[in-house]
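Have the sequence and the 3D view ready side by side. The report below walks through both chains, then picks out a few single residues.

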Amino acid sequence: MLSQIEACVPALRRYAAALLRNRQDADDLVHDCLVRALDKLHTRHEDGDVRAWLFSILHNLFISQRRRAASRPEHDPLDAAEGVAFHAASTQEDTLRWQELIRAVDRLPADQRTVILLVSVEDHTYAEAARVLGVPIGTVMSRLARARERLREMVSEPKNGHAESRRLRVVK
Amino acid sequence: MTTPKRPISEDDLHAYVDGVLDEDRHAAIESYLQSHPEIGQRVASYVAQRADLRAAFAAPALEPIPPQLNLSSLVEERLRFRPQRWVAAAAAVLALAIGAGGGWFLGSRPPAAIATLSQEAAAGYAVFVSAHSQSDASPFREADALVGWVAHGVGRSVKAPDLAKAGYRLLGAALVPAAHGSAAMLHYRNAHGTSLVIYIRPVPAGGTTPLEAIDIGTIDGCAWIDRGLGYSLIAAEPYGRLVDLSQQVREESAARGS
């Protein structure tokens, strides 16, 4: 069991960093998640699906953190490059495209951001993502569809920028 | 194809992007996209977006894990400083048992040691099994790590006994403060829901003793000392069966040199 938890730590760090966009905060969140998981080990009697269990703990911590943060004044959004180290081998063109994408992900509503990160980046199945987020699979699918479409509109060149996509770009 | 074609849904398109469709469905979507170029273009851009997202967010997972996220350290820290509530409850009961049982922790020789060992184990059994008999959840976990921790003074590696052959599945383990250092409580259960507890802790006086029957109230058990480690096995089983199970634990421990 411990080794299964350990194997998930890199993915938890990646997910937390993508959500929080600050590496120190992200690792603090993962730390809290691991401590919480060790506290709750005794409630688990099966080894199945350790990953979804850990991600759901992290998700719940993230949500309560956001709730606390919401009572504080809004701070400036981070620069897209902050807290994200790109591969040494990537080209500048890749890096720019990824930065733009990260900025776009930052602008997604939190509900859509978590779904697209879990499914696209973390390779969770739809059922797993539903379990992590505590929502029905249908909700995962509709959030995923909206997130993908919205990202596409934000990132793609405004060549097909008819009124609707412009409106979506502004509406948050 | 003889089965009627299932209509293509938006969900199918996303499952296609995520590569989770079976072969037939994948092929069906592929040909659909070819005949609907506008949708095909949209889906292609989702596929590219997925690859870009993975690349853009990949870095943190490729870096070495920092010390504060080292799981072994977290576990150790927790064993030392963060006893769970139920462990505190167990400790209180054990303290009573030890008070009644006398001075094993003062280094006395068996059979006083066996008597104390038995009482500690019985007290622990009463707390754990009765407190958790209503659910399958168990407070015990990570048995091997705990047993290794408890026995780290005996100079050999000790693992949680495996009773699978006898039909008992390990549900987990708990660290219990004992009069002299720490003890490990291992909780097993068989298919009929019968609980079995093995209690392990170092015996300061050391030595090895034969199996001894213990009888505490309504439940039977066996206790013995094996090269400086005291064992007590308790379950609601006939005494002959308890002896068999205890022998298995002893032999297994000798066989793997632990």
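Among contacts in chain B between residues at least 6 apart in sequence, 58% join residues at least 24 apart. Two residues are in contact if their C-beta atoms, placed from the backbone, lie within 7 Å. In chain A, residues 24 or more positions apart account for 61% of the contacts with a separation of 6 or more.

This is a predicted model: local features need pLDDT of at least 70, side-chain atom pairs count only at pLDDT 80 or more, and totals for chains, interfaces and linings use all residues. Residues are numbered from 1 along each chain as its sequence is written, while chains are lettered from A and ligands numbered from 1 in the order in which they are written.

**Two chains**

Helices (H or I, at least four residues) and strands (E, at least two) are DSSP runs, numbered from the N terminus. A residue is buried if 20 or more other C-beta atoms lie within 10 Å of its own, exposed if 12 or fewer, and partly exposed in between; C-beta atoms are placed from the backbone.

**Cores**

A nonpolar core is a set of buried Ala, Val, Leu, Ile, Met, Phe, Trp, Tyr and Cys residues joined through C-beta atoms within 7 Å. The largest one holds 50 residues, and A:L54 and A:L58 touch the most other members. Both chains supply it: α1, α2, α3 (50-70), α4 (92-107), α5, α6 and α7 (137-155) of chain A and α3 (37-56) of chain B each give at least two residues. The top contributor to this core is α1(A), with 9 residues. Beyond four places in sequence, the contacts of A:L58 are A:L12, A:Y15, A:A16, A:L29, A:V30 and A:C33. A second, separate core has 46 residues, including B:L163, B:M185, B:I234 and B:L242.

**A buried glutamate**

Where does B:E237 sit? It lies in the loop between β6 (229-235) and α9 (239-255) of chain B. B:E237 counts as buried because 20 other C-beta atoms lie within 10 Å. Leaving out residues up to four places away in sequence, B:E237 touches B:T194 and B:L242. B:L196 is 41 residues from B:E237 in sequence, yet their C-alpha atoms are 8.8 Å apart in space.

**Two positive phi values**

Most residues other than glycine have a negative phi. A:R21 has a phi near 60 degrees, a positive value. A:R21 is in the loop between α1 (2-20) and α2 (23-40) of chain A. With 19 other C-beta atoms within 10 Å, A:R21 is partly exposed.

A:D123 also has a positive phi, near 60 degrees. Its loop runs between α5 (110-121) and α6 (126-133) of chain A. A:D123 is partly exposed because it has 15 C-beta neighbours inside 10 Å.

**Confidence**

pLDDT is the predictor's confidence in each residue, from 0 to 100. Chain B averages 76, and 72% of its residues score at least 70. Which elements of chain B have the lowest and the highest mean pLDDT? Helix α6 (residues 85-101) has the lowest, 45, and helix α1 (residues 10-17) the highest, 94. Residues 88-110 of chain B stay under 50. Residues 132-141 of chain B stay under 50 too. Where pLDDT is low, the predicted coordinates should not be read in detail. For the complex, the predictor gives an ipTM of 0.82 and a pTM of 0.57.
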